[in-house]
Amino acid sequence: MKTSLTILSLVLTVVMMSCQPQSKPSVFTPAVQKINPEKFAQTVDGKQVKLYTLVGQNGIGLKVTNYGARIVALCVPDKNGKPTDVVLGYDNLNDYINRPQTYFGAAIGRYANRIGDAKFTLDGVNYNLVANDGKNSLHGGPKGYFAVVWNAKKLSDSKIQFTYHSPDMEEGYPGDLDVTVTYELTPQNGLKIDYKATTDKETVLNLTNHSYFNLSGEGSKTILDHVMMLNADSITPVDSTLIPTGIIESVTGTPFDFTKPTPIGERINADNTQLKYAGGYDHNWVLNNKSNDVALAATVYSPVSGIQMDVLTGQPGIQFYTGNFLNGQEIGKSGKPYERRSAFCLEVQHYPDSPNKPQFPTTTLKPGQTYQHECIYRFSVMK
Ligand code: BGC
């Protein structure tokens, strides 16, 4: 009697368990699940900062904050279906505020990358910027768009829009500029970033995103084993302060030739002046696509996770930076130090210092024109 009761209760338990609604496994890693939104909930410059969560249909998940419109975490499945966080970042707002020099995950403007001698002339007027990288201006100045609070509007579970009004002469740039940056997770496991801007006075503009990727998972020691292809036959070589000389140079026969898939680390320590100036790769590749339509610019693959990332853009250039200035002092959201060359950036862009290089595609925006471009970071696995 006792045995049959025990069997009955066991059967009942199993039946009840199978009737429970199965909770879907999280698209986020345990470390990302642990990020406490309260650690982002602060008022900065009189505006409310928050952490937002976006989830796509096929296993991609994004955490993003309106402080600098920064990507805090981006999780995608690896070759075994396990969520992997492929971007560097912090688990709290204070680190983003106090450690701005890495630009982790940020929207960059008004002018991404460098402007030589921190000055330019537009329509006969000289403009002076703040020099924050030796004598040059980098990433829009000390309080560029990475360090301001954007207005946020969640449009759906997988889409969020950030807007920012950049007043005339902010960080030295002319014109009231209204900027919109929209992040959307696509059914193809892409993160689509759409940029739009209008101005009331002639200005210069170059908007990008500064995510640092490690496709083996953030906190992994290296990206030198990643295999990369860049759809680019030339670069804009630089001087010792990383300002383009103004010429366009073929990559053929140089460590900059990624036209065929090649491990990132294969030639990074080659005896090459351009590599020495930057301590590795930190250059602008001239993309072969000249159409302004979105096309494949880069493909990177981690042999460890099997994760592949394709970068699609209609911009004329892409900055490939191998985290040469990381030095283990940044401690990331899962408690691991970010070592030198443990991440790479692929920043779609106009060429650096274009405002001072009339031979480069123009970065001038006039009243009545709309600046617009789209970049897709698309993820898949190679088994
Ligand atoms: C630049 C690097 C710079 C880094 C800052 C990159 O976009 O090309 O030179 O050190 O940003 O984190």
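I count a polar contact as a pair of N or O atoms within 3.5 Å. I keep in mind that this is a predicted model.

An N or O atom in the side chain of Q319 sits 3.3 Å from a ligand oxygen. I noted that the protein buries 95% of the 310 Å² that the ligand exposes when taken alone. H210 also reaches a ligand oxygen, with a polar side-chain atom at 2.8 Å. T102 uses its backbone instead: a polar atom there is 3.3 Å from an oxygen of the ligand.

Next I listed the surroundings. The residues around the ligand are Q101, T102, Y103, R114, H139, H210, Y212, D282, Q319, Y321, F325 and E347. I sorted this shell into 4 nonpolar, 5 polar and 3 charged residues.

**Cores**

I then looked up the largest nonpolar core, and it holds 61 residues. L74, W150, Y183, W285, L346 and F379 have the most contacts inside it. Strand β14, residues 177-185, supplies the largest share of this core, with 5 residues. A second, separate core has 31 residues, including Y103, A147, A343 and C345.

Beyond four places in sequence, L74 touches I60, G61, L62, T84, D85, V86, V87, L191, F213 and F379.

**H283**

Is H283 buried or exposed? I found a relative accessible area of 0%, so H283 is buried. H283 belongs to strand β22, residues 282-287. Its side chain reaches the backbone oxygen of Q274 at 3.1 Å. With neighbours within four places left aside, I found H283 in contact with V238, F256, Q274, A278, I318, Q319 and F320.

**Backbone**

Where is the cis peptide bond? I found it joining G109 and R110, with omega about 0 degrees. R110 lies in the loop between β7 (106-108) and β8 (114-115).

N113 has phi near 75 degrees. N113 is in the loop between β7 and β8. I logged N113 as buried because its relative accessible area is 2%. M169 has phi near 70 degrees, again a positive value in a residue other than glycine. I placed M169 in the loop between β13 (159-166) and β14. M169 is partly exposed, at 42% relative accessible area.

Conventions. Residues numbered from 1 in each chain as written. Predicted model: local features only at pLDDT ≥ 70, side-chain atom pairs only at ≥ 80, totals over all residues. Heavy atoms only, no water. Near = heavy atom within 4 Å. Polar contact = N/O pair within 3.5 Å; in protein donor to acceptor, adjacent residues only side chain to side chain. Areas by Shrake-Rupley, 256 points an atom, 1.4 Å probe, with all protein chains shown as cover. Nonpolar A, V, L, I, M, F, W, Y, C, P; charged D, E, K, R; others polar. Core = buried A, V, L, I, M, F, W, Y, C linked by side-chain atoms within 4.5 Å. Buried < 20%, exposed > 50% of the residue type's maximum accessible area, 1.4 Å probe, protein only. Helix = DSSP H or I, 4+ residues; strand = E, 2+ residues; numbered from the N terminus. Contact = heavy atoms within 4.5 Å.
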